[in-house]
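Reader: I'd like to talk through this structure with you before I set anything up. Could you take me from the overall fold down to single residues?

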Amino acid sequence: MQFTNNADITITFENEVLELFEKHKQLSEKSLEAGGQLFARFNKKEVIISKATGLRDGDKRGRFLFWPNRKKEQNEIKELFGEGYHYVGDWHTHPEIIPTPSKTDLKNIAECYTQSKHDLKYFIMVIIGTDGFPNGMHVSAHNSDQTIKLNFLPVHEVNVSQFL
Ligand SMILES: [Zn+2]
């Protein structure tokens, strides 16, 4: 499944990652927030999210909050880098149908971008609501001062004229 800003950013989510998101949707009144990290492989300009992590021991979870185990996050980044995966952002769930980022979410991802050591133009934030995908999925790109909402790119809208 792909999301784009119809310009220079296109993010592809592999099925394994979508399945993990699906598994943690807050579908019942008692489900707690879940979350983890996003890891990508780069293919020229294409960003392919091929691994997502979470949950882990030590994550703090509530109905409307999620505080990851920071130490385990750092270990994941190191371990997966060794396997060729690059940390590119975070995901978490919301108990709402169509998810929208909270002020805290926006502040956290901007801080994370500024304070981490990396060469990326953007970090990616994914929020998973309860609706089916793609509606139940918020995807945005962030750096220290920009928030760019990405839109679902239906396969049939791929520009076919280039093949004709
Ligand atoms: Zn949130």
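Author: Let me begin with the terms: helices, of at least four residues, and strands, of at least two, are DSSP runs numbered from the N terminus. On that basis the protein chain, which is a predicted model, has three helices and ten strands.

Reader: In what order do the elements of the protein chain run from the N terminus on?

Author: The order is β-β-α-β-β-β-β-α-β-α-β-β-β.

Reader: And what radius of gyration does the protein chain have, next to that of a compact globule?

Author: The protein chain has a radius of gyration of 16 Å, which agrees with the value near 15 Å for a compact globule because that is what the rule gives for 164 residues. Along the principal axes, the C-alpha atoms fill a box of roughly 55 × 35 × 30 Å. Buried residues account for 32% of the 164 residues, and among contacts between residues at least 6 apart in sequence, 66% join residues at least 24 apart.

Reader: Which strands make up the closed barrel?

Author: Eight strands form the closed barrel, in the order β1-β2-β4-β3-β7-β8-β9-β10 and with mixed pairing. On average, neighbouring strands of this sheet are turned by 30° against each other, if direction is ignored. Helix α2 packs on the sheet, where it touches β3, β4 and β7, and its direction makes about 20° with that of β3, while α3 lies across β7, β8, β9 and β10 and runs at about 150° to β8.

Reader: Staying with α2, how many of its residues are buried?

Author: The count is one among its 13 residues, so that α2 is hardly covered, taking buried to mean 20 or more other C-beta atoms within 10 Å. The helix covers residues 70–82 and reaches 19 Å from its first C-alpha to its last, close to the expected 18 Å. Just after α2, G84 takes a positive phi of about 90°.

Reader: Back to β3, then. Which strands does β3 pair with, and in what sense?

Author: Strand β3, residues 35–43, pairs in the antiparallel sense with β7, residues 86–93, over six bridges, and six bridges also join β3 to β4, residues 46–52, again antiparallel. On the β7 side, Q37 has D90 as its bridge partner, whereas on the β4 side A40 is partnered by I49. The hairpin of β3 and β4 has two residues between the strands, and K44 takes a positive phi near 50° there.

Definitions and conventions:
Residues are numbered from 1 along each chain as its sequence is written. This is a predicted model: local features need pLDDT of at least 70, side-chain atom pairs count only at pLDDT 80 or more; totals for chains, interfaces and linings use all residues. Two strands pair if DSSP finds at least two bridges between them. The expected span of a helix is 1.5 Å times one less than its number of residues. A residue is buried if 20 or more other C-beta atoms lie within 10 Å of its own, exposed if 12 or fewer, and partly exposed in between; C-beta atoms are placed from the backbone. The radius of gyration is taken over C-alpha atoms; the globule rule is 2.2 Å times the number of residues to the power 0.38. Two residues are in contact if their C-beta atoms, placed from the backbone, lie within 7 Å. Axes are lines fitted to C-alpha atoms, for helices over the stretch in contact, and angles run from 0 to 180 degrees between N-to-C directions.
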